[in-house]
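Please consider the predicted model shown below.

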Amino acid sequence: MKPKRNSVVEVRIEGLGPNGRGLARADGLTFEVDDALPGDRVQARVRRVRGGAAEARTVAVLEPGLRRIPAVCEHFGTCGGCLWQGVSYEDQVRLKMGMVRDALGRLGIAFPFEDATAAAEPFFYRNKMEFSFGQQGDEVVLGLHVRGKFDRVFDLRRCHLQSEASNRVVDAIRAFARSAGLRVYDLRSHRGLLRFVTVREGKGTGEVMVNLVTSEEPFPERAGVVEAVLRAAPEVVTVIHTVNRRKAQVATGDEMTVLHGEGFIRERLAEFTFRVSPTSFFQTNPRQAERLYDLVAEYADLLRGERALDLYCGTGAIAMFLARQAGSVLGVESSEEAVRDALRNCAENRVEGCGFAPGDAGPVLRQLRRQGERFDVAAVDPPRAGMHPGALQALIELAPLRIVYVSCNPEALAADASRLLAAGYRAERARLVDLFPQTAHCETVVKLVKR
Ligand SMILES: C[S@@+](CC[C@H](N)C(=O)[O-])C[C@H]1O[C@@H](n2cnc3c(N)ncnc32)[C@H](O)[C@@H]1O
């Protein structure tokens, strides 16, 4: 008999699903179980049953498959981030390797995997955090979302993902808001001022940016906030005020005012310096991003004079790393703002040989083919969903000799790799680069070579 919602079942976890949830089979159903790891025998409360699938949440681990360790963070369990703090970092990396191998294996794909590039620093690695305001009675709350609750925020005392400076910024803004009697934006009435605080940090430069996002209500106290922030965190070099007039709860907005400094920070990766503005994309773990880009260049194995494509190039980081060896690199990217940043990054770092084609990957690739362009290597770093089928077909027709595919989604990687293998490429090398310690997110680089 199928279990009902809210009933408690006992299951053995066999593996991990795409989002890091434990997978189990019982009563003719496939269960996805929160807070459970391979080998665990757990009691779990059923949250949903649909067709042959069920979702459940662990209420007790009866027999752990993996040794648990005490979490370092006092907010573990309440916070929606860092769900893997309860297992050792070595085990986290092993679990991710398993997730990627399983996703590929489900489509019958096997890459020769090298040892993972684990993070040297599994805490305090992030260069960007977004904190939300909430209200508890009359009290302003500033922190992160309670796990699974988009409308509840808890007061953050210390986060282990960004840095001590970021914790001090949060404390200072919360204390100021309380003493000045500022009101938090209310999701239902759409009244109130305070919405988000984003802290960005150049790990290689030590520069910190604070972006305070509010509604359009008057904000005469904003100079006071800047003062409080600078007093608490001298690392802050720029403070920005963003007004978000829309109802959507997003930490971006319609109008930006620089209250202090230049309005951007700098980040250093290898010999390159990047300008990071409040809205520009940048990998969130810069130390590991540097190793990721070095690996992409190693896999690309470019000879002087060879031509490379950096597909989905963002602000041009991979193109710049490839340009160390390549004759020329062409970046393709749909965001015009990112292309502008890429051009400026190349100019400011005196990188030669990089060009950028703004536009949607599929049409741009078809245009390149019509022009008779040829590429020795294509580095491909698509968004989470993977490549659009039309873009993948266009890449296959462009026929680069080697493809280095960077993926943050093992399922999408498996689907795209399967098409590339069917189109005459072979699986040459693969490696996990851990960009997101304490979480189930996997970043993988694979190399495919034309047969
Ligand atoms: C994962 S990011 C890659 C970032 C870059 N490689 C880096 O490490 O900085 C994916 C990029 O693809 C771009 N993008 C999304 N859809 C696209 C499309 N259809 N065509 C071209 N670029 C696209 C996004 O704007 C984003 O910059």
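**Cysteines, a pocket and an annotated domain**

In this predicted model, C82 is buried, its relative accessible area being 11%. C159 is likewise buried, with a relative accessible area of 7%. How many disulfides does the structure hold? The count is 0. For C82, the closest cysteine sulfur belongs to C159 and lies 6.1 Å away, which is too far for a bond. A disulfide requires the two sulfur atoms to be within 2.5 Å, and C159, whose nearest cysteine sulfur is that of C82 at 6.1 Å, is therefore in no disulfide.

Attention now turns to the second largest pocket. Its volume is about 330 Å³, and 19 residues form its lining. Which of these residues lie nearest the centre of the pocket? They are F133, G134, Q135, D151 and R152. Among the strands, β7 (128-136), β8 (139-145) and β10 (194-201) each contribute at least two residues to the lining of this pocket. The largest share comes from β7, which supplies 5 residues.

The remaining topic is an annotation taken from a database record. An unreviewed UniProt entry lists residues 2-60 as "domain: TRAM". Across residues 2-60, the model assigns 61% of the chain to strand and 0% to helix.

Definitions and conventions
Residues numbered from 1 in each chain as written. Predicted model: local features only at pLDDT ≥ 70, side-chain atom pairs only at ≥ 80, totals over all residues. Heavy atoms only, no water. UniProt positions renumbered as here; feature names shortened; annotations may be inferred. Helix = DSSP H or I, 4+ residues; strand = E, 2+ residues; numbered from the N terminus. 1 Å grid on protein atoms, 1.4 Å probe; cavity = no way out; pocket = protein on both sides within 12 Å on 5 of 7 lines; lining within 4 Å. Points joined across faces, edges and corners; volume = space filled by probe spheres on them. Buried < 20%, exposed > 50% of the residue type's maximum accessible area, 1.4 Å probe, protein only.
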